[in-house]
Amino acid sequence: MRVKVLGPVEVWNADRNLVGACRPAQLAVLGLLALHANQVVSRDRLIEWLWGERQPATAENLVQVHVSRLRSALRRGSREAAGRIATRAPGYVLHAEPGELDLLEFEQLARTGGTALNDGDPSEAAHFLRGALELWTGPALGGLGLSARAQAGAMQLEERRLSVLEQRIEADLICGGHCEVIGELRGLVADFPLRERLWEHLMVALCQAGRAGEALYAYTEARGHLVDQLGIEPGPSLRRLQDRILAGSSCDRRPDQAGSDETSGRRRPAADLTAARPVADLAAARPVTDLAAARPVADLAAARPVADLAAVRPVADLAATRSVERSAAPRQLPFDIHGFIGRHEELAHLDRLQDDAGANPSAATVAVVSGTAGVGKTALAVRWAHTVQDRFSDGSLFVNLRGYDPVGPPMEPAEALDGFLRALGTAPSAIPPNLEERAALFRTKVSGRRILILLDNAASSEQVRWLLPGSSRCMVLVTSRGRLSGLTVREGADRLCLDLLAEKEALRLLRQDIGSRRADAEPAAAAELVRLCACLPLALRLVAELTRTRKHIALGDLVQDLADQRQRLDLLATDDDQATAVRAVFSWSYDALSPAEARAFRLLSVHPGPDVSRGGAAALIGADGPGARLLLGKLTGAHLLQETSHDRYRFHDLLRAYAVDRAHEDESAAERDEAGSRVLHWYMHTALSADRVIMPLRRHIELGPPPAGVRPIELRNPTDAVAWCESERPNLVAAVHHSVESGRYEVAKKLPQILWSYFSVATRWSDWITTSRLGVRASQDDDDRFAEAFSRASLANAYRDIRRLDDAVEQFEQAIAISQEIGELWIEASARSVLGMTYRDLRQFDAALRNCRSGLRLFTAIDDEWGVAWSFYGLGDLLGACRDHDDAIAHLRKALAIFNRIDDQWGRSRALFGLGHNHYHIKQFDEAAIYCGEALTIAGKIGNRHGVALALYTLGRIESDTGNIDGARRTWRRALAIFEELDAPQAVAVRALVREDADRDAT
């Protein structure tokens, strides 16, 4: 037997989770006993852990029931396993051996690793600390959404994990692994910007990698977070490290310890678990928040508000979001440009514009930086933005509009607005699908706020116009190869035309990058290189990189190479084809690559989307993960590829065009097609893995094994699955587009179907509709009636969500007609069931009842329990709307029984709420409160905020009707806050209740 609490609470016997069917409260009991393994935990402590101050009158009996059911679950493994939970006055004890509880193993490995680190054996320390961290499979305690005590315990465990992670990184640094941890550390400081130890590790890693300037900038970033959020300066350890870097001292040793013993000179461990709080104290940790949970009617009045997303997320997930909660202002600027040279007049011009901002109180200041490709427009904009961002107290927004992308269309304004609204804290479900409404909501969100908006690589004035705020306190900086005359004429934008660098500044840039000693040794050759590169910053950077990698080659020889290709370099002065302007310079770096690196460079150009992850790159190249990481590192080191964030990469647009040319020249059509097929199948198979965990019981598309060289990601839980889909969303949509255009019908038909569950949960309606339409088109082109029916049903679901009900009915009816034509019962059953709900929304109850019953008959005929359960739910919902509450309750109980049997949490929450709602209408208030309370708990656990608000609304009506007016007022306000954030139609009714209640108080 093995008990796990470092992730979902589980008990494994062989390959079986013995407690998989247990309720959250029972798992919480098991979690607390595991935290105090081999120690007696009193019943009082268990009660406090489960309910905090909101203890029901039957709390002690409920604890006994929970323990009894836990023992029954364990008994399925063996009688001996059931005996592990023993009754010992005044409570219970869980007996566990060291190898049977992951927390005990974690502590043992972490303690051993910490000791090895202090004893001067970093390699051994890294081994044990890494082993300790690998025991974690998710948020501690599996996000049990119960009392504040449970949250405090989970937060304490998360803090201990971070401490061990810091020790492991320290050990890696001592072992010389600075290059390997830089990317990881950048992600960590973004998630936990107030942990000085992580910033210290990042500075040391950058310094050891020869990037002292970036290390000093990291200090500036750390100080900015501490000052902005806490009003304090960095601690002495971080300041001493900055001083050492400024003084040029070596960083090839452990980071300085803030906790060093200054008198003895001995080092105190940075995060030794032996100094951490004992496990037994976790349950008594101070509460950090509260979650809504099912409570009797009498307790509802005192419940705390559930007014933000964290309140309905799993408890342990709060640790990963606390940095966001502390700083609501977005800070999206890319990394500042290292070694920026010149542009003093242009920077001063932008300074003057910013100083004059607000002269027109009705409009934002807009500046357009235009110029040829590679001239440094983005570099100038990013540098200036970093120098002034502290003047914009409400944050900074950034987006690459892909205006001159060689392989894809410019970004739609709606997509850019979606990203901005999310960055500003708008719930996904509250983002309108209509472009005009999104733009209006964006202007509302930024009204009166001081925000810097950087729109990079714009295609046209029309594309930019939708993204302009109405507030004069904002400033917008746009970069584009075009002049964007429309913005200057209609919006009064200021245009700054960026020319090539002056020769003096270009030479300074080259000397900085290749080293003054080498440039001064051949001053004439250096000056000639600047001239032949036409003072284009991009070309100068690439030439400098070539001189670093070919140190044995004289600058004069490089001048000769450049002169031999004068004809192509002369194109730098033309206006018609900038892609050829630096082809010669690109070829120098390309020719220096090994055959494997050159092949990777070529095949990456086959990728259909704007950027690519390491996993996607590995599929394109046909390499494993480590091999792909090595090749990507070589290409980024040669400035032939950009790492935009941790393990995500993109080409500069000119480099991508060059890579496409090389791929067509050096790779056969078959090789290019195979690479494209590999990456498309990687996306499709990984998306299917996400689909299976987001909605595990829905019917899924069947795929054969992935092609050779394709290693899809196995996603294990819904949170990771949705996160992966979110990060890859532009590429997934691009993959569908590319598959349709290239005639790869298998992907074009199946990928939109696979993405149904993600689009439904994440409310990505625009992408859902776009990909479903493409799926319909591909199905028709391939004469696949099954796929067409599936795609039309998916499209209809999306239309129903955004209340395009007539369009939804049309698509459902076409899907049903095709399903009947080909004899496909599952699609017909699914379409009829949701068509019935659509007719219910249209208040056409006869048609609704007819279709819901038809769906039930079909699902029953094909023995699909999941479909039968949802059909019973749909009928119950419909009968309740027709005020036939007794029949509604009977159908909902049937649905709930099946959902319980197949462990469908989403279905359980919907059925429970339906039961509570109908019991309320027949004035059975106690039953209604119990059902709604359970629905509230489950909805909070799975992150269904709309379900939380619905349950709160009904609970408020129960409180009002039973005389608890104060409690009803509080509960309705909690529901209203969520409904308004989601822009849900129920907001109108709840708002009226709150207003009526306020008017009653006034009179």
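Tutor: A charge sits over a ring if NZ of Lys or CZ of Arg is within 6 Å of the ring centre and within 35 degrees of the ring normal. In this predicted model, Arg-450 lies over the face of Phe-392, at 5.0 Å from the ring centre. A further case is Arg-186, placed over the face of Phe-335 at 4.5 Å from the centre of that ring.

A pair of aromatic rings is described by the distance of the centres and the angle of the planes. The structure contains 13 aromatic pairs. One of them joins Trp-682 and Tyr-683, with 5.1 Å from centre to centre and 70° between the planes, an edge-to-face arrangement. Both partners are buried: Trp-682 has a relative accessible area of 1%, and Tyr-683 has 0%.

Trp-756 and Trp-768 form another pair; their planes meet at 85°, so this pair too is edge-to-face, and the ring centres are 5.9 Å apart. Trp-756 belongs to helix α33 (residues 756-762) and Trp-768 to helix α34 (residues 765-781), so the pair ties together parts that are 12 residues apart in sequence. Because buried means under 20% relative accessible area, Trp-756 counts as buried at 13%. Trp-768 is likewise buried, with a value of 1%.

How values were computed. Residues are numbered from 1 along each chain as its sequence is written. This is a predicted model: local features need pLDDT of at least 70, side-chain atom pairs count only at pLDDT 80 or more; totals for chains, interfaces and linings use all residues. Side-chain values use heavy atoms; hydrogens and water are left out. Rings of Phe, Tyr and Trp (its six-membered ring) pair if their centres lie within 6.5 Å; planes under 30 degrees apart count as stacked, over 60 as edge-to-face and the rest as tilted. Buried means under 20% relative accessible area, exposed over 50%, partly exposed in between (1.4 Å probe, protein chains only). Helices (H or I, at least four residues) and strands (E, at least two) are DSSP runs, numbered from the N terminus.
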